[in-house]
Amino acid sequence: MSAEPLLAVRNLQAWYGESHVLHGVDFDVRPGEVVTLLGRNGAGKTTTLKSIMGIVGKRKGSVTFEGRETVGLTSDKIARQGIALCPEERGIFSSLDVKENLLLPPQVKPGGLSVEQIFDLFPNLKERLASQGTKLSGGEQQMLAIGRILRTGARLLLLDEPTEGLAPVIIQQIGRTIARLKTEGFTVLLVEQNFRFASTVADRYYVMEHGKVIDAFANSELAANMDKLHDYLGV
Amino acid sequence: MFGIPTQALFSQLLLGLINGSFYALLSLGLAVIFGMLNIVNFAHGALYMMGAFVAWFLLGYAGIGYWGALILAPLAVGFVGVVIERTMLQRLAGLDHLYGLLLTFGLALVIQGVFQNQFGSSGMPYAIPPQLTGGQNLGFMFLPNYRAWVVVFSLVVCIATWFMIEKTRLGSYLRAATENPTLVRAFGVNVPLMITLTYGFGVGLAGLAGVLSAPINQVRPLMGADLIIVVFAVVVIGGMGSIMGSVITGFALGVIEGLTKVFYPEASNTVIFVIMAIVLLIKPAGLFGRAA
């Protein structure tokens, strides 16, 4: 594992208005990996994803993607480098139908999945193309939120709690999707509360607490770190 | 019918449709701007007036007639809008509605004041283009060609705008950015540029209405100030931010106003405001508006 990191986060700090949320986050994501950020509520996982995407109030430190610094760029420029976000609240647009939602994110790089390939991953979407985006079930909305960023050609996908509030059968489907994306060469940075789910897809874990990364281990070390992990997550 | 001569009925109906065309074009622009910028654009009337003046300047100083003005004046007014958005409105992003309202209201007073200072208050004539003079005798009434053109052309522009916003890819960006500009930008869309162009487009529609109105209402510095109050009532009735709602309400209220002139002329100046009051009592978000 000596590959250059695709994404390198160094001493990342972020603020919402006056409140200082990230206090120097450091981690790497290498090409083709699935990396999971674990941590309790409020540890700064979602804020880390938003900071990478450039949609927090203020950020400092360094986030390089493919060797290029992105702190200081606006979020549309960051997206055009090939990073795409699937937000925790899913962000399905109610004034757009499913097809419009799916086709909304512009292509930023060549090599994204075709619409047919996305229907192959999420057959439910194909039958609901003319529905209003927010009329879909929670699981379908999550599929739509993931599906629409696969078209864009972005190579790094930031997935914020994709299994939250979903039925086990849909969680399994999303797990299979992430595994399949990995084989297609996508790199995934995942935020998860559900580490049983994370353990089925992740290569490595970073644990966050109070706006910092406090521990890191590989999936193979998961069993050995279980006690520590229970402590960190309070489960 | 009801003791009213058919001739009078239909000519007021036509007049209502003409006024409705202007209401629709102006409230459509206001709706587009409000949806995207969350700004109640009080400068709309002044920019409508500016459209008529640009047409008048083009004819007087550059020898460019009505058809040229129909293209150039909206572009010129749209450009003024782009400058206003980039230099002033952009700084108000994230603040309360009230700031945008006050700023654009102040701008309207300044723009109107400058024109009034330069051109006085009386109207300047602008001739109907030669292709559209004369009219058709329909048997029951005389239909001036220019007025028919205004109604049809406004309708076409309104429907084209609706189509662009509701049925095209560009429109899906606009609607999505109205809901969640942060996320649309994080997908790689240059949302600030889109906002600027939306404002330019909205006031460009006002400029277009100004050109259409020049041969009918003369070119006057206060032509927009008189109209804009009614247009705001139309927008309130239709519901802020609804595209189709603003078009339908614009035409419908023009017609209702025209019919009131026939059946109860005393109320013709107030009927729109009475309807506004009733709508506000029964459906505060407006007939086509979505409750916030």
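pLDDT is the predictor's confidence in each residue, from 0 to 100. I start there because this is a predicted model, and where pLDDT is low, the predicted coordinates should not be read in detail.

In chain A, the element with the lowest confidence is helix H9, residues 226–233 of chain A, with a mean of 87. The highest is E7(A), at 97. Chain B has a mean pLDDT of 91, with 98% of its residues at 70 or more. Among the elements of chain B, strand E1 of chain B, residues 135–137, has the lowest mean, 87. Helix H3 of chain B, residues 66–87, has the highest, 97. For the model as a whole, ipTM is 0.93 and pTM is 0.89.

Now the sheets of chain A. One of them is an open sheet of six strands, and its pairing is mixed. Going across, the order in chain A is E6-E7-E8-E3-E9-E10. At the edges are strand E6 (83–86) and strand E10 (212–218) of chain A, each of which pairs on one side only. From one strand to the next, the twist averages 20°.

Take the pair at the E10 end. Strand E9 of chain A, residues 204–209, runs antiparallel to E10(A), and six bridges join them. If you want a position to look at, A:Tyr206 stands opposite A:Ala216 in E10(A).

Which strands does helix H2 of chain A touch as it packs on this sheet? Helix H2 of chain A, residues 75–82, touches E6 and strand E7 (156–160) of chain A. The direction of H2 makes about 110° with that of E6(A). Helix H6 of chain A, residues 138–150, also lies across E6 and E7 of chain A, and runs at about 170° to E6(A).

The other sheet I want to show in chain A is open, has four strands and pairs in the antiparallel sense, in the order E2-E1-E4-E5. Strand E2 (19–29) and strand E5 (68–69) of chain A are its edge strands, each pairing on one side only. Strand E4 of chain A, residues 58–65, pairs with E5(A) over two bridges. There, A:Phe65 stands opposite A:Arg68 in E5(A). Helix H1 of chain A, residues 45–53, packs on this sheet and touches strand E1 (7–16), E2 and E4 of chain A. The angle between the directions of H1 and E2(A) is about 75°.

Next, where the chains meet. How many residues does the contact take from chain A and from chain B? The contact takes 18 residues from chain A and 14 residues from chain B. On the chain A side, H2(A) gives the most, with four residues. By class, that side of chain A has eleven nonpolar, four polar and three charged residues.

That leaves helix packing in chain B. Helix H1 of chain B, residues 6–37, packs with helix H5 of chain B, residues 145–167, at about 30°, and the axes are 9 Å apart. An angle under 35 degrees counts as roughly parallel, so H1(B) is roughly parallel to H5(B). The crossing of H1(B) past H5(B) is left-handed. Residues in this contact include B:Leu14, B:Leu17 and B:Ile18 from H1(B), and B:Val150, B:Val151 and B:Ser154 from H5(B). By class, the contact of H1(B) with H5(B) has ten nonpolar, three polar and one charged residues.

H1(B) also meets helix H10 of chain B, residues 243–263. Their axes come within 6 Å and cross at roughly 150°. Angles over 145 degrees count as roughly antiparallel, so that is how H1(B) lies relative to H10(B). The crossing of H1(B) and H10(B) is right-handed. Their contact divides into 17 nonpolar, ten polar and two charged residues.

The last pair is helix H2 of chain B, residues 44–62, and helix H8 of chain B, residues 191–217. They pack at about 55° with their axes 7 Å apart, and H2(B) and H8(B) are therefore oblique to each other. H2(B) passes H8(B) in a right-handed crossing. Among the residues making the contact are B:Met49, B:Met50 and B:Trp56 of H2(B), and B:Leu208, B:Val211 and B:Ser213 of H8(B). The contact of H2(B) with H8(B) has 14 nonpolar residues, five polar and no charged.

Methods: Residues are numbered from 1 along each chain as its sequence is written. Chains are lettered from A and ligands numbered from 1 in the order in which they are written. This is a predicted model: local features need pLDDT of at least 70, side-chain atom pairs count only at pLDDT 80 or more; totals for chains, interfaces and linings use all residues. Two strands pair if DSSP finds at least two bridges between them. Axes are lines fitted to C-alpha atoms, for helices over the stretch in contact, and angles run from 0 to 180 degrees between N-to-C directions. Two residues are in contact if their C-beta atoms, placed from the backbone, lie within 7 Å. Ala, Val, Leu, Ile, Met, Phe, Trp, Tyr, Cys and Pro count as nonpolar, Asp, Glu, Lys and Arg as charged, and the others, Gly among them, as polar. Angles under 35 degrees count as roughly parallel, over 145 as roughly antiparallel, 65 to 115 as roughly perpendicular and the rest as oblique. A crossing is left-handed if the near helix is turned anticlockwise from the far one by less than a right angle, and right-handed if clockwise.
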